[in-house]
Amino acid sequence: MSTFVKNAWYVAAWSKEIRRKLLPRTILGEQVVLYRREDGTPAALVDRCPHKLAPLSLGELKGDQVQCGYHGMTFDCSGTCVRVPGQQNIPPTARVRSFPLVEKYNAVWIWMGEPHLADAKKIVDVPHYGEPGWGWGLVDGQYVHFRTNYLNITDNLVDPAHTTYVHKSTIGNAAAEDVGVKVEQGEDHVLAYRWIYNASRSRWPGKWSTSRALLTDVSTTTCTRPRCPAWTLSPSMPAPSRPKRTRTAACAPSA
Ligand code: FES
Ligand SMILES: [Fe+2]
């Protein structure tokens, strides 16, 4: 049984990953196909044709619609079937689920829960994003697959105290040894943090700013010797890219 929190925003992909082609991705255990419409807004459907369950991502993108690669049934970005080759009648059950999306912080966020609860204002706040001197490029990266339960990652990321010892050659800093971690609990979140004052600059390679280094733990990082107990994969840090505008995908069924 799934233990995922469904009514929440998740990053489905980096903005640059969603293009004019069908991108399959597994999110919260669900097969999803993502693509960008002709006007640039992203769209997401269940990656499963209701006819004979072929993955829609193996089909073709035709304008803003997805044509199944098996028998050609075609779905618009709301998941409504708009064409059944060889017949006029389109059964009302011939549809796939679509998902609310919001493009923000250089990423495409998806809501896998009840659609009417999707509120873009609930996307996690990233203070100072885009402001000069705050390393806007830190909200960028690659796709990383951790071979562990996601709860282990969550546990790791609310535990900044380990960085002094586990990451002493990169983002760790002896000045933080006795700095306590503060924890705040909100209605639907837990925030763990600490401010380390008057510390020397991180020993992360100079081309990365200090602010970037502080957040490498949540994107792609070198959790090398010893690795974070919860982490098992550590690709290299990518080059930064510019932030993109925020936009919400409003996908109405075709008339
Ligand atoms: S399986 Fe998609 S049209 Fe037949
Ligand atoms: Fe870590």
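I looked up the contacts of the protein chain first, counting two residues as in contact if their C-beta atoms, placed from the backbone, lie within 7 Å. Of the contacts with a separation of 6 or more, 51% are between residues 24 or more positions apart.

I note that this is a predicted model, in which local features need pLDDT of at least 70 and side-chain atom pairs count only at pLDDT 80 or more, while totals for chains, interfaces and linings use all residues. Residues are numbered from 1 along each chain as its sequence is written, and chains are lettered from A and ligands numbered from 1 in the order in which they are written.

I then checked burial: 30% of the 255 residues are buried, that is, have 20 or more other C-beta atoms within 10 Å of their own, with C-beta atoms placed from the backbone.

The protein chain has three helices and 13 strands; these are DSSP runs numbered from the N terminus, helices being H or I of at least four residues and strands E of at least two.

I next followed one open sheet, with three antiparallel strands in the order β2-β3-β4. Its edge strands, β2 and β4 (42-46), each pair on one side only. From one strand to the next, the twist averages 35°, an angle between N-to-C directions of lines fitted to C-alpha atoms, on a range from 0 to 180 degrees.

Two strands pair if DSSP finds at least two bridges between them. I found five bridges between β2 (residues 23-27) and β3 (residues 30-36), where arginine 25 stands opposite valine 32. Two residues separate these strands in a hairpin, and leucine 28 in the turn has a positive phi of about 50°.

On β3, leucine 34 faces alanine 44 of β4, and five bridges join these antiparallel strands.

How values were computed:
Buried ≥ 20, exposed ≤ 12 C-beta atoms within 10 Å, placed from the backbone.
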